[in-house]
Amino acid sequence: MLVAMSRMLLILILTSIATQSSGLSVLFIEALLSSSHHIWISSLVKELLRRGHHVHFTSIHTLKVEESLAANYTHKSFDDLMQQLQNSNDYEPAEWANYNTLYTMYFTHQFSNFVCEKVTALKAMKETLELVRTKKFDVIVQDVTLVQCLYGLWEVAKGNPSVIGYVPFGNSPWIKDYIGGSSYPAIRPYVHLYMAKPVSLWDRTLNFIYFTLDDLLRHYYMMPINQKIANEFFGKELRPLAELEKNISVLFVNTHYSFEPSIPLPSNAIEIAGIHAQAAEPVRDERIRKFLDGAKHGVIVISLGTNVAWKAVGLDKIQVIVSVLAKLKQRVLWKLDKEVDMELPDNILALKWIPQNDVLTHKNVKAVWTHVGLLSTHEAIWHGIPVIGMPFFMDQRSNIKMLVEKGVAVHLDFKQISVATVEHALLEIIYDPKYMRNMKKLSREFRDRPMPPLDLAAWYVEFVSRHPGRDFGSPGRFLTRTEENLYDVYALLFAILLIPILICSLLLKSKYIRSKLPFESFTFTFFVKNEKKKRS
């Protein structure tokens, strides 16, 4: 028996060694200066490490992994750059709420140019470039939301690895540029608009205008600047970036038809919304866990994510919120980054950081008050927690509209914060059972899939590596707008119909003239003869 167990153990060890030695070598690039994007993709990095693959992660933050996974993990980070950005006086995300839709559109593409200039100057990115040139990777997995200047990594990579792009900024207007097709302005709202879906003629017209302007701004303003920065960074004239992005093998998109209006997607566009929410674990922090466990009447979680700071909301509004929270019998777990010179009531636990995704798994959580960023939104949906949505900028605007339309959220305008508005939002979400009922239904739809999103994403990384050089996408992404929309076909058909009509028209006109001329001649001759007779 002991001999048999020893043999089995030996087989398992050898199998483990073989798996690790034959594991893939995967490069992850997260260069966009957004902590939420780093959090979103980190779950996939860890999952691939758990599967025995070798991962290098160049990102804006340092990702810590379990000691058991560290042997296959290397990384480079831009922590200093992120710290500089967050400490800058010009970095005030709450102020972005004052930007109108057009300026937000411009700001988004300008941000891509800004990040390209900053990131390509970093030592960590230059070292990553050298790593790509000298080390063979099986797959490159890269955030392609913005920062298109780094597409050149695919051109210089040793061994020509397959590329997987990902877009945590779910309903990005430019996803069509990677996969082909339309932006579907008659179906999906433009991401920066306060709109759940375009219903009326005016909605569709406005939506179409914004999608068109965004497309023009991307291709004729942002992309040329990114191209120039890329050529300088890689030291050569690269192929057009708009051409390179069409060579992505698979695109991971942070969407799901249960939440956003569904659109047709080609076979290489994979919806994996919820990959970070799936990775949630029970709360480990003892102080937080005891606070949640002891909440007989439930807990309200307040968190504005990684970008918006409460200091930007203002102390006066914080005081108003505290005065309302003090009246509740529910406990409140508050991610409060600002030191407040006031005594908080016993039912409030304020911390500078909370493991939000893990906290939402707790049975006593009754609602979450959030900025409705897409990651927080998906976490709330995944765990079935109703939302008080206080949006500030970008996709948060359309997110809250979609949540409210589904009956799972209450909209709270942070500019209109008062005792009355805060009290109404809290009492509505806590005591009206429809919000919890609707959110549980939405959660079931969101989670009910053939394969969980994190497992699906990991499978596709392995799948792409098994078929190097294979084009999984639609040929439509290589068509011009004229070809894709059949404008040339319409023109040809119009010409085919018009030419015979013109010929017939000319023939009829010509026949009419010829038939008219003899009659006029006869009439003139008859008239002359009559005149002569009269005179004689």
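This is a predicted model: local features need pLDDT of at least 70, side-chain atom pairs count only at pLDDT 80 or more; totals for chains, interfaces and linings use all residues.
Reader: How many cavities of 30 Å³ or more does the structure hold?

Author: Rolling a probe the size of a water molecule over the atoms shows where empty space is left. In this structure, the number of cavities of 30 Å³ or more is three.

Reader: Which helix gives the most to the lining of the largest cavity?

Author: The largest cavity holds about 50 Å³ of space. Its lining includes S398, N399 and M402. By class, the lining has five nonpolar, four polar and two charged residues. With three residues, the helix that gives the most to this lining is α16 (residues 396–405).

Reader: Is N226 buried or exposed?

Author: N226 lies in helix α8. A residue counts as buried when its relative accessible area is under 20%. Because N226 has 0% relative accessibility, N226 counts as buried.

Reader: Which residue is joined to N226 by a polar contact between side chains?

Author: Leaving out residues up to four places away in sequence, N226 touches S112, N113, C116, V147, Q148, C149 and L241. A polar contact of 3.5 Å joins the side chain of N226 to that of S112.

Note on methods:
Residues are numbered from 1 along each chain as its sequence is written. Side-chain values use heavy atoms; hydrogens and water are left out. On a 1 Å grid over the protein atoms alone, a cavity is a set of points where a 1.4 Å probe fits but cannot get out, and a pocket is an open set with protein on both sides within 12 Å along at least five of seven lines; lining residues have an atom within 4 Å of a point. Grid points are joined across faces, edges and corners, and a volume is the space filled by probe spheres set on the points. Helices (H or I, at least four residues) and strands (E, at least two) are DSSP runs, numbered from the N terminus. Ala, Val, Leu, Ile, Met, Phe, Trp, Tyr, Cys and Pro count as nonpolar, Asp, Glu, Lys and Arg as charged, and the others, Gly among them, as polar. Buried means under 20% relative accessible area, exposed over 50%, partly exposed in between (1.4 Å probe, protein chains only). A polar contact is a pair of N or O atoms within 3.5 Å; within protein, one must be able to donate a hydrogen and the other to accept it, and residues adjacent in sequence count only if both atoms are side-chain atoms. Contact means heavy atoms within 4.5 Å.
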